[in-house]
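Welcome! Please take a moment with the sequence and the 3D view, and then we will walk through a few places together.

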Amino acid sequence: MDSYTPRPRPSGRKKNITLSAKEYTKITGTIASVRRNRLQDDIHEEVDVPVSSSRESRSRAQNEPSFIAETSFVRAPLNSRVSSATGVPKAKGKAKQESLDRVPLEVQEAMVLEDLLFVLMGIEGEHITFHPDYSSEDDDPLQGIRFIVSPSLDSSLRDLVERILPLGTYYTAIASFVELRSHLDFGMVTTPCPLLIPIVACVSFLLGHQDYQTLLSQLEHAFNSSGQFSLQRMWFYLILELGTADDPSADMSSSSSSTTDEEEAARNEALGLGGAKLKAVLSEIDKNGLDVTGGSGIAVKGGEVLTIIYERMQNMSGDPTAHTLYGTLLKAAGQPYVGMLRVWILKGRLVDPYEELLVKESKFINRGILEMDYTDEYWERRYTLRDGSTLSAPSKRQQAGVPQPRSVGGRLPGGACVPPLLEPWKHKILLAGKYLNVIRECGIEVNQEQSETQDEIMTIGDEKFCKFLEEAYSHANRTLLQLLLKDQQLIPRLRSLKRYFFLSQSSFLTHLLDLSSTELRKASRSASIVKLQSLLDLALNTDAHGEDQLYREDVKVTMAESGLYEFLLKVVSVSGVIGTEEGEHEGGHEEPQKKEKEKEDKKSMLAIDALTLDYTVKFPLSLVISRKTILRYQLLFRFLLHLKHVEQSLSAMWIEQKTPPWRMKVPNHPEFERWRLRVCLLRARMLSFVQQILVFVTFEVLEPNWRALEAKLTKVTTVDQLLRDHVDFLDTCLKECMLTSSKLLRAYSRLIVTCSTFALYTASFTKSANQAIAASETPGGDQAMNKRWDFLGKFETNFNHWYVHLDCVQFYASSENVSLLPLVVRLNSVKAAS
């Protein structure tokens, strides 16, 4: 016998429950017919009602919103109990209310209590309705809905009910605020997601409960279960929880309020008391919304919201309840702000999609730009404060990128408004994130030792929050400093810059000048940079040992586009480094200078005058050794190179003047011997002048300032202090080398150009000496001696300008730059020796 195997029972339920279009149409038609039948039954039941009232009831029933039409049911489910919002006030368009004149007082109280439970949630009751002047389309929703009590209510109950009604108005104002600010365009600080908690907390604190709905539930339970629950008891609970004896309806009183109530309202307003303050905050937050073009046209969001709440909290310091209310609002609304700050100062990432934070990012400046042109824009302009302030300039509201304030002298809009509690910390907040961002750009993972504070809720202005900011700033500082000084070897890099640009060991420059003398005599446009680069590499590799071998491949040869002194004079005239004297002096010589510049532009500049070095560094060292600092190094190098070249040329002239034409005696031509002596004396004075300048620059300026910089770098504590010390070192060197004063530059440039031009005529002077010796042996004698004296006299006249230079140096040494005093002593010794 085969074993019995039960057959599977057919499933009584289909796997897929779907409706065809025909079935769906049939069901919806059935529902519609049922609604029509119910509507007709209601009309027949009310046949004894006058015709006009029946028409109004039918119109109201047709306009009643259905569940399907209620778009905001998920967000506000109780709105389904409210009739559709029309422009006509409901009190005028509905059936006549049932009069309470003949209703017993106990029943009136019960009916009003039920209505109050709805009014406290913003829903119109049967005997407590919207004000006749209320219009949902014309009235400001942030002012809340005003309610009015039925005139037939007993006067003993009416006064107490009117004291409770403003609480419903406040609730509708806050609900409207949530509805209006629900867009993310208003930022995360004021959108309902983060702000729904503080909004509910506001009403809760007005009533003394942490949960407003819990209070209403307790009141409703007492109303339904306790026969002793009365209007007086409800008012007692509300006024007890409110925590103050002030009448909350003072600002919302009807037109029948007495003069005493108005005076009390004015007094409470002056003292910062009363319940309408929250409404004022919401109106102030929303009055500059996105649709407002007045002022800056920026919505009130981010830091500006926190500022408004904080200012209100300070104004309410005399009212403990209101002060606690705004303190809770500030704490809850500040959580998204604190969250964005924590991501910024802990990870170096700016997550601010709605521009609410005090830090802004210029996304067009990225690391890719640094690979091509390592400017310091990445550090100075990639991340900045929205209010435009910097450490050097605390207030820069008028600069580009800073929005206009709401009013003249008022607060800045949106995220540009820094909360007052963060005003002392704003620069540290900016720098902490910038430091970590640089570390992240280097591919290094940022690990903050802040694990114990990750899940801790902090409030703006709290002691824990301030300590957290300080620790995060210190950690970011230490991390980036260690990266620059140790990992990236910043100090050896700076020493190599000193070696190559300040010529601390200038043997390579001597070799370079000797090897490339032919190439450097050409015009700057004709000289081969490739050939000069190869000669520089050869000179650097000739006697490289020890630290000389470090980073020599980063040194490159380049040609400047303008002369050194022309460029410096242009910079000084634009920036006005030395006060108003130079500005007035240059104002009268604008046209001659333009003509001189046009002539100089037509002339071709020699390669030796345009020769300079460049230095290649990678990120993040490019933040310290930026293009601006490289330009300062190049100016000092060209200054030293010019001095070295002139010294070398005058030394070569001295060697030339040891040849027989300059040494042999010519007794029959004494005038030639005097001329020859004057030439040697002028060459010696020029060489002494150049050497004294060179010794002063190297031993009195560059070396002491470099030692001071090294001492500062060993004690530096912040990255910005490191950058500032480095730039100050270069600026001090430029100033003490007399490269920032227009008067000193003009006098000095004339002297150096005179010396270099004089050295160029070495062969001409030797040729003239040979011609003079040969002419002295002829019977006619030397006829060209007067021309020789005239030619030499021009050089002597031009060089005598160094006396003017000495006067300028003495003036600035006694008035502005004391470091020039050693140069005054040196030049005086040259003057005395001459």
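**A short walk through the model**

Helices here are DSSP runs (H or I, at least four residues), numbered from the N terminus. This is a predicted model, in which local features need pLDDT of at least 70, side-chain atom pairs count only at pLDDT 80 or more, and totals for chains, interfaces and linings use all residues. Residues are numbered from 1 along each chain as its sequence is written, and side-chain values use heavy atoms, with hydrogens and water left out.

Now look at α15 itself, residues 426–441. Because 13 of the 16 residues are buried, α15 is largely enclosed by the rest of the structure. Buried means under 20% relative accessible area, exposed over 50%, and partly exposed in between (1.4 Å probe, protein chains only).

Next, find T307 in helix α11, residues 303–315. Is T307 buried or exposed? With 3% relative accessibility, T307 counts as buried. Setting aside neighbours within four places in sequence, T307 is in contact with C417, V418, P419 and P420, where contact means heavy atoms within 4.5 Å. T307 and P420 are 113 residues apart along the chain, yet their C-alpha atoms are separated by 6.5 Å.

Finally, turn to α4 and α7, where A110, L113, E114 and L117 in α4 meet L216, L219, E220 and F223 in α7.

How values were computed:
Helix = DSSP H or I, 4+ residues; strand = E, 2+ residues; numbered from the N terminus. Expected span 1.5 Å × (residues − 1).
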